[in-house]
Amino acid sequence: MHIKIISTIRNIILSFFTVIAICSIVFVFALFRGIEIDSIQIGKLEIQKLYLSFDKRLILKAQKVALSAIDDMGVEEKSFELDDLYELREIIENLLKYLDYFKEIYVENLLVDGRSYAILYVENIFYVDIPELNIATTFEINKNRITMDIKSLNFKDYGLSLSGNIDYNIISKEAKIDGFFFFKSDARIFFNANYFDNSGRLSIEGYSNEFGSIRFLERDFELKNPPLEKWLFQRVESSSLKIDSFSLDLNIKEPKYEDLYSLKARGYVNNPDVLFDSKLSKVKAKRVDLNFEDNVLYFDITEPIYRDKKLDGSKLEIIDVLGKYPHLNLDLKIDNRLDRDIQEILKRFNINLPLIQHSGSTKSALNLLVDLNSYDTLAKGKFESKNSDFTLANLDFKIEKSEIFLENNGTNHFVEIKNSKASLDDFLRVKLDGRVEIVEEIFSGNAFIYDFNISRGENSVVDINNIKSDFLIDFSKDFVTLEMKRFDIFATFDDENSFELKSLSKIYDHSEILKEHKIESGRAKITTQEFETFKIDATIGELSYPIITKDKKKLKNLKVDIEIEQNLTYIKAKNQEIVVYIDDESSVIFINNHDINISDQFLESIEGKEKESGKLYLSAIDTNIYFKDRFIASDFIDILIDGENLYGDIWHKNGKMHIDKNEKRVEINANNFGDEFVNRFFDKKMVRGGVFRAKAKMSGELTKGVIKIENSQIYNLNTLNNFFALIDTIPSLVVFRDPGFSQEGYEIIDGFIEFGYINDIFVIEKLYFNGKSVDIEGFGMIDLKNDSLDLDFQIHTVKNLSAIINTIPFVGYILFGDDGKVSSGVKVTGKIDDPKVQSKLIGETLQAPINFLERIIKTPFKLFGFDGNSSKDR
């Protein structure tokens with residue numbers, strides 16, 4: 001630009017000097033008279049509307065002066081070199097000598113090689129107006145110095161003006177320039193420059209006043225770097241700005257574009273609004289300090305705010321500002337929620353963090369390197385959160401502490417999460433270390449599970465504590481999935497969240513409910529919306545419940561639906577044959593068409609739990625009970641268990657058993673049970689017909705009671721069979737044979753058994769059967785542990801014989817005694833399955849004469865109503 005200006009000045013001076021020389025010829029003729037020449041042409045010189053007059057000094061005016069070819073006038077046209085300044089000095093010296101004679105010179109239109117100039121010289125000021133610029137200046141020659149005082153130099157196309165001084169030393173070939181640029185706005189750029197002709201080096205330094213904006217330059221200055229042009233003219237607005245200092249070193253002789261890289265500048269912008277991207281909101285700040293050095297423009301931002309988010313400590317650099325590959329290097333410091341506003345910034349640069357923060361704060365340090373040509377972005381960042389609420393896709397969780405590292409280096413695009421302590425509602429608290437693949441939208445790593453609990457009250461479905469497990473979170477869809485490989489847990493978080501427990505055996509040790517009910521195999525799917533109510537679809541491999549099938553098999557692959565809400569749990573088998581309701585105070589169990597096996601193992605498993613549990617209601621239809629290998633037939637069961645108290649009824653046909661248990665004792669009252677109930681209880685067909693009643697009372701380990709029988713027949717017992725085998729071997733016992741007491745069975749009109757039971761010892765305190773033909777009395781003991789018995793029975797006469805004899809007064813007494821019966825003792829010992837039956841017939845035979853004689857002696861007393869055994873009678 002400077003070369004062009006000097007060359008223009010040279011041509012103007014030469015042309016002007018030529019015009020002066022020609023005009024001087026006619027000057028003599030019009031020294032005191034004004035001369036007007038309409039048109040004159042001398043060779044290649046054409047002048048129109050020439051006016052020449054004298055007023056103390058000459059006045060020269062011309063409307064048009066045309067020089068069609070300067071080289072034809074003997075002036076060699078060549079590119080201007082600064083070595084020609086000596087020649088320029090001589091030209092200027094000669095020009096100034098001539099100009100002393102003129103008061104005013106004005107050429108309205110000076111045409112040189114097709115270019116038009118306007119020239120005015122008045123009062124020692126030289127004015128030149130050309131299409132590109134106009135200049136007002138003075139020249140001064142002082143020995144070897146040329147001084148040019150530029151009053152104004154206006155660059156028309158740019159709205160830019162220059163005012164200053166040029167002082168050139170012809171000997172040292174050094175020029176000093178100082179002045180200022182000013183624009184149409186209030187901007188002023190003050191500078192001073194030094195030029196060294198030997199090296200061609202031009203050194204410029206300067207500063208500016210505080211002015212409003214450089215936006216006014218956008219129309220006039222077209223930069224070769226569109227991204228930089230956007231940043232200078234479109235992205236930054238401010239109330240005022242100032243250049244504190246700038247410097248630039250150029251080589252004029254061998255100019256290179258890279259010389260512009262020597263530019264250094266410092267300044268500031270007040271109250272800027274920075275638009276990082278057209279799709280983002282503006283970043284506002286109190287001030288931005290600018291520093292341009294090494295082709296990098298640094299922004300040091302004071303109190304930056306994006307929307308209502310503080311970005312204190314954030315910095316911005318534009319790298320390779322003047323080059324072909326400008327990059328924006330942005331250091332974002334954010335101490336605020338990682339909410340949608342901040343995510344908006346990240347997403348604009350193709351960084352999709354899957355997290356949205358709703359509360360708490362996150363310290364974010366994010367570096368973005370953005371190619372301003374392609375907007376490809378490299379990113380690296382660290383996010384530290386404490387006590388915050390986040391959403392991952394549509395999954396809400398809390399962060400106690402978290403460190404998140406982001407990296408996008410062009411090849412890899414991932415987020416590393418370290419030492420992140422998170423909780424999901426009240427059921428999951430975990431520390432995560434893993435990696436988020438941003439493109440695939442997968443988060444995988446290791447989890448230290450402090451607490452993973454899905455429960456109702458104190459009963460946990462899943463309760464995992466202080467255990468490590470691999471995990472995989474997939475948020476590539478509209479919902480989030482979580483896989484915990486160690487426990488075969490697959491969770492889906494959507495409008496309806498679900499937890500699929502693929503193998504209950506893997507969480508058995510971490511589930512109170514599974515351990516309590518000994519569910520060691522199966523699978524379950526838990527669904528919930530708000531983590532307050534749960535639905536469970538489960539397939540249970542094998543239940544520890546005493547519930548069994550009708551063929552005495554344990555329940556396997558039982559499919560159940562479970563609903564849990566606050567204080568209520570509802571369990572229903574798919575076939576609805578088992579239904580359970582559980583709340584904080586009670587449980588209700590309904591069973592249909594299944595049996596109950598109450599074993600010693602089951603009783604031990606529930607021992608002591610009565611006090612911990614609330615009330616338990618059991619209602620069962622067509623449900624039999626196996627109690628310690630005994631079968632209790634039942635059509636309907638209704639039982640209430642309240643702590644250690646139990647009240648219940650068991651019905652079978654016309655029979656009803658009532659059970660009343662408290663902490664100290666158990667009472668059982670059974671009435672009107674039939675033979676089917678008894679036979680199934682003893683797992684043996686041993687009675688036909690009849691009605692059975694029983695009462696029992698258990699206190700501690702001792703049980704005492706009575707069993708009553710009416711109108712029944714006992715048969716198919718080893719004891720009876722062995723007894724009849726004994727009768728066949730002893731002819732004297734044939735008297736006991738009778739249709740009501742035979743191999744077909746023993747018919748009983750009524751009878752009872754008074755018993756006691758302790759430690760597997762069944763003691764028959766008194767047994768009395770009133771049979772149709774034979775009565776039996778007895779006592780003894782049955783050892784269930786050793787499977788043995790020791791019983792003593794007294795069998796009385798065949799009733800039809802004694803009934804006839806007893807009709808004869810006193811004959812029955814003399815023959816049979818007070819009871820009028822023939823009796824025989826029987827001893828039963830040995831094993832229950834094969835007892836030994838022994839008769840006491842020999843001892844009874846020896847004793848019979850004595851008893852007979854005694855009854856003869858006592859007969860007279862009986863006649864008079866005296867009992868011979870009484871001392872008073874004697």
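1. Buried denotes a relative accessible area under 20%, exposed one over 50%, and partly exposed the range in between (1.4 Å probe, protein chains only). By that scale E104 is partly exposed, because its relative accessible area is 22%. E104 belongs to strand β4 (residues 102–112), and its C-alpha atom is separated by 9.9 Å from that of D55, a residue 49 positions apart along the chain.

2. The model is predicted, so that local features need pLDDT of at least 70 and side-chain atom pairs count only at pLDDT 80 or more, while totals for chains, interfaces and linings use all residues. Residues are numbered from 1 along each chain as its sequence is written, and side-chain values use heavy atoms, with hydrogens and water left out.

3. On the surface, D396, D425, D426, E530 and E532 gather in a patch of negative charge (residues with over 30% relative accessible area and no salt bridge, like charges being joined within 9 Å; a salt bridge is a side-chain nitrogen of Lys or Arg within 4 Å of a carboxyl oxygen of Asp or Glu). Of these, D426 lies in the loop between β27 (413–424) and β28 (428–437), and D426 counts as exposed because its relative accessible area is 78%.

4. An open sheet of mixed pairing is formed by four strands in the order β37-β42-β44-β45 (strands are DSSP runs of E, at least two residues, numbered from the N terminus; two strands pair if DSSP finds at least two bridges between them). Its edge strands, β37 (547–548) and β45 (630–632), each pair on one side only. Within the sheet, β42 (residues 595–598) and β44 (residues 625–627) run parallel and are joined by three bridges, and N597 has Y626 of β44 as its bridge partner.

Key
Patch = residues over 30% accessible without salt bridge, like charges linked within 9 Å, V, L, I, M, F, W, Y side chains within 5 Å. Areas by Shrake-Rupley, 256 points an atom, 1.4 Å probe, with all protein chains shown as cover. Lys, Arg positive; Asp, Glu negative; His and termini not counted. Charge placed at Lys NZ, Arg CZ, Asp CG, Glu CD.
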